[in-house]
Structures are given as structure tokens and as C-alpha cells.
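Keep the sequence and the 3D view side by side.

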Amino acid sequence: MSRNLEAPSSFPHWVALGSLALVLWLFFRHTVPALHEKQELQDYKATLSKLRVDYDTAIRDARLGVGPNAHFDLQALLVAIDQRGFTPFELCATYPERADQVLPPEPGEDAPPVEGGR
């Protein structure tokens, strides 16, 4: 009997290495963007939490009549809007804020210069 001694085939090794490379490529292709998205979502959550704290503070200050907007009487503003026959939403929809509108100066500030004259 003659034995046919052939060199072992390297095919299984190449299949295993190719499969490993494919799996690693798929893993990193889908995992890295997911990690970036997770970080963005955490950043958005932190931003929203800060905004919520800021808004809660502003609402509390408005109710107590303290803070930078203490000189505004919110109840009188709502009454004035109601006297015009609007709800606050209807008023904002009817008279949207214009980008070129100049707000009056705060008490104690100088008036901004007027273009084209006096």
C-alpha cells in the first residue's frame, strides 16, 4: 500500500482569517458610528438639562418678581393682550418679530444712533 502524503491544505486557515477580517470590518463599521451617535445624544441631554434648569430658574424668578425681568408685570401684559382680543399665541402669529426691529433701550442706556439723520 502506498500512502499518498500530501501537504496539508492552507484553505481552512485562509477561510478563517478572511471570516475574521470580515467580522472585524462589520463590527467596527457599525460600532464606531453608534458610539459617536451615543456621545452626541449624551451632549444633547446635557444641553437640554441645562436649558431646563435655566428655564425653571427664569420661571421661578418671574413668579417671585426678581431677576433681570423684575420690572415686567406679566399679569398686566396678559391683560393687555386679552384687551386687544388675542391670545398670546394669536398675538405672536399676527405680529411676528422682525429681524430688523430695534428694541427700545433699557433704562439708563443710551439710545442707539438712528440711521439717515438726527
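Start at tyrosine 95. Its relative accessible area is 56%, and the cut-off for exposed is over 50%, so tyrosine 95 counts as exposed. Keep in mind that this is a predicted model.

The structure holds two aromatic pairs. Phenylalanine 27 and phenylalanine 28 make one of them, with ring centres 5.1 Å apart. Their planes meet at 80°, so the pair is edge-to-face. Tyrosine 95 belongs to a pair with phenylalanine 86. Here the centres are 6.2 Å apart and the planes stand at 80°, again edge-to-face. Phenylalanine 86 has a relative accessible area of 23%, so it is partly exposed. Phenylalanine 27, at 46%, also counts as partly exposed.

Now step back to the fold. The chain has three helices and zero strands. Along the sequence the pattern reads α-α-α. Of its 118 residues, 2% count as buried. The chain exposes about 11,700 Å². Carbon and sulfur atoms supply 62% of that area.

Helix α1 covers residues 11-64. It has 54 residues. From first C-alpha to last, α1 reaches 79 Å. That is close to the 80 Å expected at 1.5 Å a residue. Glycine 65 follows α1, and its phi is positive, near 75°.

Look next at the surface patch. Trp14, Leu17, Leu20, Leu24, Phe27, Phe28 and Val32 form a nonpolar patch there. Together they have about 740 Å² of accessible area. Both rings of the 5.1 Å aromatic pair, phenylalanine 27 and phenylalanine 28, are members of this patch. Leucine 24 is another member, and its place is in helix α1.

Charged side chains come next. Side chains of opposite charge can pair when their charged atoms come close. A search of the whole structure finds three salt bridges.

Lysine 50 and aspartate 54 form one of them, at 3.0 Å from N to O. Both residues lie in helix α1, four residues apart, about one turn of the helix. An α-helix has 3.6 residues a turn, so residues three or four places apart point the same way. Lysine 50 is exposed at 52% relative accessibility. Aspartate 54 is partly exposed at 36%.

Arginine 52 and aspartate 56 meet in another salt bridge, at 3.9 Å from N to O. They are four residues apart in helix α1, so about one helical turn separates them. Arginine 52 is exposed, with a relative accessible area of 59%. Aspartate 56 is partly exposed, with 41%.

Arginine 60 and aspartate 61 also form a salt bridge. Their closest N and O atoms are 3.6 Å apart. Is aspartate 61 buried or exposed? Its relative accessible area is 16%. Buried means under 20%, so aspartate 61 is buried. Its partner, arginine 60, counts as partly exposed at 46%.

Notes:
Residues are numbered from 1 along each chain as its sequence is written. This is a predicted model: local features need pLDDT of at least 70, side-chain atom pairs count only at pLDDT 80 or more; totals for chains, interfaces and linings use all residues. Side-chain values use heavy atoms; hydrogens and water are left out. Patches are made of residues with over 30% relative accessible area and no salt bridge: like charges are joined within 9 Å, nonpolar side chains (Val, Leu, Ile, Met, Phe, Trp, Tyr) within 5 Å. Accessible areas come from the Shrake-Rupley method with a 1.4 Å probe; for residues, only the protein chains shown count as cover. A salt bridge is a side-chain nitrogen of Lys or Arg within 4 Å of a carboxyl oxygen of Asp or Glu. Helices (H or I, at least four residues) and strands (E, at least two) are DSSP runs, numbered from the N terminus. Buried means under 20% relative accessible area, exposed over 50%, partly exposed in between (1.4 Å probe, protein chains only). The expected span of a helix is 1.5 Å times one less than its number of residues. Rings of Phe, Tyr and Trp (its six-membered ring) pair if their centres lie within 6.5 Å; planes under 30 degrees apart count as stacked, over 60 as edge-to-face and the rest as tilted.
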